[in-house]
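Trainee: Could you take me through one part of this model in detail, please? I would like to look closely at the cavity and the charged side chains.

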Amino acid sequence: SDQTDVTEVGVMQRDEGDGDPHRWEQARKQAHQLTADLRSSLRRRRRSKLQSGHRTGQIDPHRVVQAVQGRDRVFQRREPGDDRDYACLIVLDRSGSMAGASIEAAERATAQLIRALTTVGVDTSVLSLWRNRPCLELPFGGTPRRFADHLTSARVGGGTPLSDAIAIARRRIVTGAGNQPFVIVITDGHPDDTDQYIDELDRCTFDIYGVYIDGTPGSDARYFDRLVYTDGESVAMTMRALAREMFK
């Protein structure tokens, strides 16, 4: 709501030894293929292309017969590629129900995605839900490795205030260095306040993708622009597939 201000965001304190360097390094290596795929997709999208069906330009050799017949849409022109820059904010659920394998799998998937996105130039931030409040784990413009202890801490506790998280995400996303922002929510829960959540969702001018861990398919699709279901063992693979699809 309008009462949820950016100043309500907590900053996760770094305690020596909280994170797991081995898991971070493993995720970094596992992100290589996704990084290559995203780089290829972005390069393809940004490349200029010859498009046919214009009234002016160079004659399309494949439409010479149509030109002889007197048709006018027989020219081709080189059109600029997609020059959009992207910013991604990941909302990571650290509520008590995510304890154990779920949070470790979610962290691993998040680390892989961060590594791939930042390597191809997508400004990325992470906002977690921990002890009933949103906490900033990786700010836009930050170097992911410096925040590895935050992102691999396996900390959990409290509930899932998704409404507040979306409200804060809506305000923070504009600080990312990209003109095409999007949000990915990784959770095993549901909006804490459905009406407030829907109100916040209606105010968003960017896409919000949901990744439900061990969720049961049902009516929750209305809470996201796109919702995918997965389990703890497959969350990293699911998020990699989602990222590839988003940048096709």
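Mentor: Happy to! Keep in mind that this is a predicted model. The count comes to one cavity of 30 Å³ or more, and the space in the largest cavity is about 30 Å³. Its lining is made up of R23, Q26, A27, E107, R108, A111 and T152. Two elements each give two or more residues to that lining, namely α1 (21-30) and α4 (101-119).

Now to the charged side chains. Side chains of opposite charge can pair when their charged atoms come close. The structure has twelve salt bridges. R23, one of the cavity-lining residues, pairs with D20 at 3.6 Å, N to O. R23 is buried, because its relative accessibility of 14% falls under the 20% cut-off. D20, at 28%, is partly exposed.

Another bridge joins R63 and D60, with 3.8 Å between the closest N and O atoms. Here D60 is buried at 4% relative accessible area, whereas R63 is partly exposed at 25%.

A further pair is E245 and R226, whose closest N and O atoms are 2.4 Å apart. E245 sits in helix α8 (residues 235-246) and R226 in strand β10 (residues 226-230), so this bridge ties together parts 19 residues apart in sequence. Both partners are partly exposed, E245 at 41% and R226 at 30%.

Finally, salt bridges with shared partners link D20, R23, R94, E107 and E137 into one network.

Conventions:
Residues are numbered from 1 along each chain as its sequence is written. This is a predicted model: local features need pLDDT of at least 70, side-chain atom pairs count only at pLDDT 80 or more; totals for chains, interfaces and linings use all residues. Side-chain values use heavy atoms; hydrogens and water are left out. On a 1 Å grid over the protein atoms alone, a cavity is a set of points where a 1.4 Å probe fits but cannot get out, and a pocket is an open set with protein on both sides within 12 Å along at least five of seven lines; lining residues have an atom within 4 Å of a point. Grid points are joined across faces, edges and corners, and a volume is the space filled by probe spheres set on the points. Helices (H or I, at least four residues) and strands (E, at least two) are DSSP runs, numbered from the N terminus. A salt bridge is a side-chain nitrogen of Lys or Arg within 4 Å of a carboxyl oxygen of Asp or Glu. Buried means under 20% relative accessible area, exposed over 50%, partly exposed in between (1.4 Å probe, protein chains only).
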